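Please keep the sequence and the model in view while reading.

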Amino acid sequence: MTMDAALPGHLQELRRGTVVVASLTVLRSPGYGYSLLETLSEAGFEVEANTLYPLLRRLEGQGLLTSSWNTDEARPRKFYTTTEQGDALAVALREEWARLDRAITDLDDHAGTGSNQ
């Protein structure tokens, strides 16, 4: 399998978890699905609506988000907000992300020295 063939699947796996962390982080301030899609896209997280909306429902079902309908405007919108539990999870996941980033950097530095120890 060529890298061109393998890369998309591996990138999708890598991005899957990052979208959870990004969503929980952004939704510390209430937001609705489409605005979240735009915010994530502007930040470099390419996610499809048909991926994001089920994710939001799943995170809500896990108690990591709450939702409420805003019917004040002509078009009702469901707003999501990160719960205390969701915020704690986002912090823990970001800490783990930083730890893994350091570990990969260390592995890269180690491999660059030509040492196998």
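This is a predicted model: local features need pLDDT of at least 70, side-chain atom pairs count only at pLDDT 80 or more; totals for chains, interfaces and linings use all residues.

Residues are numbered from 1 along each chain as its sequence is written, and side-chain values use heavy atoms, with hydrogens and water left out.

**Strands**

Helices (H or I, at least four residues) and strands (E, at least two) are DSSP runs, numbered from the N terminus. Two strands are said to pair if DSSP finds at least two bridges between them. Strand β2, residues 65–70, pairs with β3 in the antiparallel sense over six bridges. These two strands, β2 and β3, form a hairpin with six residues between them. Within this pairing, Lys78 in β3 has Trp69 standing opposite. Strand β3 also pairs with β1, again in the antiparallel sense, over two bridges. Here Tyr32 has Phe79 of β3 as its bridge partner.

**Salt bridges**

A salt bridge is a side-chain nitrogen of Lys or Arg within 4 Å of a carboxyl oxygen of Asp or Glu. The structure holds four salt bridges, including those in the table.

| Pair | N to O distance |
|---|---|
| Asp87 and Arg28 | 2.6 Å |
| Lys78 and Glu60 | 3.6 Å |
| Arg99 and Glu96 | 2.7 Å |

The salt bridge of Asp87 and Arg28 links distant parts of the chain: Asp87 lies in helix α4 (residues 84–112) and Arg28 in the loop between α1 (3–26) and β1 (31–32), 59 residues apart. Relative accessible area describes exposure: buried means under 20%, exposed over 50%, and partly exposed in between (1.4 Å probe, protein chains only). Asp87, at 27%, is partly exposed, and Arg28 is partly exposed at 40%.

The relative accessibility of Lys78 is 24%, so Lys78 counts as partly exposed. Glu60 counts as partly exposed at 25%.

Arg99 and Glu96 are three residues apart in helix α4, which means that about one helical turn separates them. Arg99 is partly exposed, with a relative accessible area of 41%, and Glu96 counts as partly exposed at 32%.
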